[in-house]
Amino acid sequence: MNKKLLEVKGLKQYFNVGKKNEVHAVNDISFHIYEGETFGLVGESGSGKSTTGRTIIRLNEPTGGEILFDGQDVTKLKGKEAMTKFRHEVQMIFQDPYASLNPRMKVRDIIAEGIDVNGLAKSPEERATKVNELLKTVGLNPSHGTRYPHEFSGGQRQRIGIARALAVNPKFIICDEPISALDVSIQAQVVNLLQDLQKEQGLTYLFIAHDLSMVKHISDRIGVMHNGLLLEMGTSEEIYNHGVHPYTESLLSAIPLPDPDHERQRRRIKYQPEPDDGKARSLREIAPEHFVYATEQEVAYYAKKLKRQKEALLVAN
């Protein structure tokens, strides 16, 4: 088994602390990501998944918990030098490929920002060579470096964002809904590019999205978030085919298939959160590498539910 590159332990991210409108955006979640894998974080808008990504890279200061990257607790990093070194190894691709690019800068300067900050080019010629190589890596022409962001399509702008993230040779990239603002035909191209880059450069991804079918396609393991809590976690095949938490079942029931007969019979499962009963719940293992947010007493219920699902699938096949 690969080593754990990222470990999140009891992460909390609260806003407006102490005020009437205090928000618990991320509420005591824990997970880890192995080196070289893609961990998918899925949930509806407002579930806390993007806040989790932004907190890991320290765009938000965490309220509590630990974030261990390569064995170092990044919540304790102080000073510009330490943060610059951390950002050298961890980068982020943002959801909106236009809002995340400076419209007043040329593409070559946008991509080269990280190169300049980290002193990765010894001369203007070397800088230009690196930028041109990055543009070719993401499927763009080096001549595009002289243009401005508004001259590109959404898919091309997202490729520029990917090139900017790659410029500092990171180990770990947080992909914050990188395809949700793109046309469906372009989404597959960007996902395939990310997968190719992962194989070529040995990258590790946290892939955040609300589309469970796309997350299943790209991810090795998946975590399902709702209301700031991690409700279920397991391999992508296990979650997609045998999700047992009611919220996971609700997400799975919303996935359309290109089959008219199936679509006529498909029934959406509406998730009704249980009222807070004060019982101590946490992620507990119901099967090897399959975790559900439950009490100790509920573990047996979910384990039986999972067993029945698998037995029904065997009978059906």
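**View 1.** Arg-87, Val-90, Gln-91, Gly-114 and Arg-164 lie nearest the centre of the second largest pocket, which has 17 lining residues. A pocket is an open set of points on a 1 Å grid over the protein atoms alone, where a 1.4 Å probe fits, with protein on both sides within 12 Å along at least five of seven lines; lining residues have an atom within 4 Å of a point. The model is predicted: local features need pLDDT of at least 70 and side-chain atom pairs pLDDT 80 or more, while totals for chains, interfaces and linings use all residues. Residues are numbered from 1 along each chain as its sequence is written, and side-chain values use heavy atoms, without hydrogens or water. The space in the second largest pocket comes to about 430 Å³ (the space filled by probe spheres on the points, which are joined across faces, edges and corners). At least two lining residues come from each of α2 (80–89), β6 (90–93), α3 (107–117) and α5 (154–166) (DSSP runs numbered from the N terminus: helices H or I, at least four residues; strands E, at least two). With four residues, α2 gives the most to this lining. Nine lining residues of the second largest pocket are nonpolar, five are polar and three are charged (nonpolar: Ala, Val, Leu, Ile, Met, Phe, Trp, Tyr, Cys, Pro; charged: Asp, Glu, Lys, Arg; polar: the others, Gly among them).

**View 2.** The largest pocket holds about 700 Å³ of space. It has 22 lining residues, and those closest to its centre are Tyr-271, Pro-273, Glu-274, Arg-281 and Tyr-293. The most comes from α11, which supplies four residues. The lining of the largest pocket divides by class into nine nonpolar, six polar and seven charged residues.

**View 3.** α3 packs against α5 at an angle of about 30°, and their axes are 7 Å apart (axes are lines fitted to C-alpha atoms, for helices over the stretch in contact; angles run from 0 to 180 degrees between N-to-C directions). The two helices, α3 and α5, are therefore roughly parallel to each other (angles under 35 degrees; over 145 counts as roughly antiparallel, 65 to 115 as roughly perpendicular and the rest as oblique). On the α3 side, Val-107, Ile-110 and Ile-111 meet Ile-160, Ala-163 and Arg-164 of α5 (contact: heavy atoms within 4.5 Å). By class, the residues of the contact of α3 with α5 are five nonpolar, no polar and one charged.

**View 4.** α5 and helix α6 (residues 184–201) have axes 10 Å apart and pack at an angle of about 20°. That angle makes α5 roughly parallel to α6. From α5, Gly-155, Gln-158, Arg-159, Ile-162 and Leu-166 take part in the contact, and from α6, Ile-186, Gln-189, Val-190, Leu-193, Leu-194, Leu-197 and Gln-201. Seven residues of the contact of α5 with α6 are nonpolar, four are polar and one is charged.

**View 5.** α3 and helix α4 (residues 124–137) cross at roughly 115°, their axes coming within 10 Å. The pair α3 and α4 is therefore roughly perpendicular. In α3, Val-107, Arg-108, Asp-109, Ile-111, Ala-112, Ile-115 and Asp-116 meet Arg-127, Lys-130, Val-131, Leu-134 and Leu-135 in α4. The contact of α3 with α4 has seven nonpolar, no polar and five charged residues.
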